[in-house]
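These are my notebook entries on the structure shown below.

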Amino acid sequence: MANSYKQLEIYTLSLELFYKLHPVSLKLPKYELYELGSQIRRSADSVNSNIVEGYGRRRYKADFLKFLVFAHSSNDETLNHIEKLIFLYPEVMKDHLYLREQYNILGGKINLFIKYVETSWKS
């Protein structure tokens, strides 16, 4: 059992990916910085923030699960934005295609953690 959200693998991976994605989003054309760029930054941040907020409510299993589901949904949203960036701005994304794979891995890990909390978490 983790004594802090900082010990959760999904937390550390989501924060690491946010730090990698953020500067990539700032390389978008100026007109896209506050559109798709802002959306992807917010969704990537939301993955991490929902894990933290859910962990803070871990005493209430249903709340914990709700925020983990939010984190998973934000992860899916981030993947969707990455797909858009790959299509619309391949010159920006050419060295960052690994982000799609890493966010897919993170989504799987969040899903497994949700199943763990559903079956084994003691409130």
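**Entry 1: aromatic rings**

I found that ring pairs link Tyr5, Tyr11, Tyr55, Phe64, Phe113, Tyr116 and Trp121 into a cluster. Rings of Phe, Tyr and Trp (its six-membered ring) pair if their centres lie within 6.5 Å; planes under 30 degrees apart count as stacked, over 60 as edge-to-face and the rest as tilted.

I note that this is a predicted model, in which local features need pLDDT of at least 70 and side-chain atom pairs count only at pLDDT 80 or more, while totals for chains, interfaces and linings use all residues. Residues are numbered from 1 along each chain as its sequence is written, and side-chain values use heavy atoms, with hydrogens and water left out.

My search of the whole structure returned ten aromatic pairs. One of them joins Tyr55 and Phe64 edge-to-face, at 6.2 Å centre to centre and 85° between the planes. Tyr55 and Phe64 are both buried (under 20% relative accessible area; exposed is over 50%, partly exposed in between, with a 1.4 Å probe and protein chains only).

I then examined Phe64 with Phe113: the ring centres are 5.9 Å apart and the planes stand at 70°, so this pair is edge-to-face. Phe64 belongs to helix H4 (residues 61-88) and Phe113 to helix H6, so the pair ties together parts 49 residues apart in sequence. Helices here are DSSP runs (H or I, at least four residues), and strands (E) need at least two; both are numbered from the N terminus. The relative accessible area of Phe64 is 0%, and that of Phe113 is 14%, which counts as buried.

**Entry 2: Asn50**

Is Asn50 buried or exposed? I recorded it as buried, with a relative accessible area of 11%. Asn50 is found in helix H3 (residues 36-56). Not counting residues up to four places away in sequence, Asn50 touches Phe67, Phe70, Ala71 and Ser74; contact means heavy atoms within 4.5 Å.

**Entry 3: H1 against H6**

I read an angle of about 155° between helix H1 (residues 9-25) and helix H6 (residues 98-120), with the axes 10 Å apart. Axes are lines fitted to C-alpha atoms, for helices over the stretch in contact, and angles run from 0 to 180 degrees between N-to-C directions. H1 and H6 are therefore roughly antiparallel (over 145 degrees; under 35 is roughly parallel, 65 to 115 roughly perpendicular, the rest oblique). Residues making the contact include Leu13, Leu17 and Leu21 of H1 and Leu99, Leu106 and Phe113 of H6.
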